[in-house]
Amino acid sequence: MEETTLNNNILAKLSDKFGEKVTAVSEPYGMLTFATTKDVIVNVLSFLKEELKFNFLTDITAVHYPGKDHGIAVVYHLHNMVEKVRIRIKVFISEQNPTIPTATTVWKGANWMERETYDLFGVKFEGHPDLRRILNMDELGVHPMLKQYPLEDPNRVDKKDEFFGR
């Protein structure tokens, strides 16, 4: 089946089931991408797994949008290996209260992916069985992938313009 037709069928089934909770639909490079809300994300993931056979959770990550209303996007990548199609789901959450329900109730393998996202972005997955740091030391008081710091240290002497003939 053609990629666009397959994506349209998936989108139609999602829209029938979740209505206006499926928003911001796009197809970058042919991959169906949409946004939903955190109050239905577990239901959306369960529907995609059980009804539409997206049985492989490829990744869970996040993107930080500093200064924007939505703050942080939690991004899920799923793969239907039978139909050979991938899908991307985004859930925008507040930077001040970065919480979202855990996907470990749908995929046990979400455990470490959510721990990594918590460790790097500070997203708290409600109901997670063991939410703690996985890459950084426990004493680290920050989440390194949040864009809260200057790109370069202003005190570095090796980055002065006069060293580069400017």
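Buried means under 20% relative accessible area, exposed means over 50%, and partly exposed is what sits in between. Keep those cut-offs handy: with a relative accessible area of 30%, Asp130 is partly exposed. One thing to know before you look around is that this is a predicted model. Here's a tour of its strands, a helix and some charged side chains.

**Strand 4, covered on both sides**

- Let's start with strand 4 (72–80), where nine of the nine residues are buried, so the strand is largely enclosed by the rest of the structure.
- Strand 3 (residues 56–64) pairs with strand 4 in the antiparallel sense, over eight bridges.
- To spot that pairing, look for Leu57, whose bridge partner in strand 4 is Leu78.
- Strand 5 also pairs with strand 4 in the antiparallel sense, here over nine bridges.
- For this pairing, find Tyr76 and its bridge partner in strand 5, Ile89.
- Strands 4 and 5 form a hairpin with four residues between them, and Lys84 in the turn has a positive phi of about 60°.

**Helix 2 and its buried face**

- Which residues of helix 2 (residues 41–50) are buried? They are Ile41, Val44, Leu45, Phe47 and Leu48.
- If you look down the axis of helix 2, these buried residues fall within an arc of 160°, so they line one face of the helix.
- What do they pack against? Their partners are helix 1 (3–18), strand 2 (32–36), strand 4 (72–80), strand 5 (85–93) and strand 6 (99–101).

**Three salt bridges**

- The count of salt bridges comes to three.
- One of them joins Asp39 and Lys21, with the closest N and O atoms 3.0 Å apart.
- Asp39 sits in the loop between strand 2 and helix 2, while Lys21 sits in the loop between helix 1 and strand 1 (23–26), so the pair ties together parts that are 18 residues apart in sequence.
- Asp39 is exposed, at a relative accessible area of 53%, and Lys21 is partly exposed, at 31%.
- Another salt bridge brings together the side chains of Arg133 and Asp119, at 2.4 Å from N to O.
- Arg133 is in the segment after strand 7 (124–126) and Asp119 is in helix 3 (residues 110–121), so this pair ties together parts that are 14 residues apart in sequence.
- Are Arg133 and Asp119 buried or exposed? Both Arg133 and Asp119 are buried.
- Asp130 and Arg132 also form a salt bridge, and their closest N and O atoms are 2.9 Å apart.
- Asp130 is the partly exposed residue from the opening, at 30%, and Arg132 counts as partly exposed too, at 45% relative accessibility.

**Arg88, buried without a salt bridge**

- Arg88 is found in strand 5.
- Arg88 is buried yet has no salt bridge, and the nearest side chain of opposite charge, Asp59, is 8.9 Å away.
- What Arg88 does have is a polar contact of 3.0 Å that joins its side chain to that of Thr33.
- Leaving aside neighbours within four places in sequence, the contacts of Arg88 include Pro28, Met31, Leu32 and Phe34, and also Val75, Tyr76 and His77.

**Two glutamates to look up**

- Glu27 is in the loop between strand 1 and strand 2, and with a relative accessible area of 35% Glu27 is partly exposed.
- Not counting residues up to four places away in sequence, Glu27 touches Thr4, Asn7 and Leu32.
- Glu27 and Asn7 are 20 residues apart along the chain, and their C-alpha atoms are separated by 8.5 Å.
- Glu116 lies in helix 3 and counts as partly exposed, at 32% relative accessibility.
- Glu116 touches Ile134 and Leu135, again not counting residues up to four places away in sequence.
- The C-alpha atoms of Glu116 and Arg133 are separated by 7.0 Å, with the two residues 17 apart along the chain.

Definitions and conventions: Residues numbered from 1 in each chain as written. Predicted model: local features only at pLDDT ≥ 70, side-chain atom pairs only at ≥ 80, totals over all residues. Heavy atoms only, no water. Buried < 20%, exposed > 50% of the residue type's maximum accessible area, 1.4 Å probe, protein only. Arc of directions from axis to C-beta. Contact = heavy atoms within 4.5 Å. Salt bridge = Lys/Arg side-chain N within 4 Å of Asp/Glu carboxyl O. Pairing = 2+ DSSP bridges. Lys, Arg positive; Asp, Glu negative; His and termini not counted. Polar contact = N/O pair within 3.5 Å; in protein donor to acceptor, adjacent residues only side chain to side chain.
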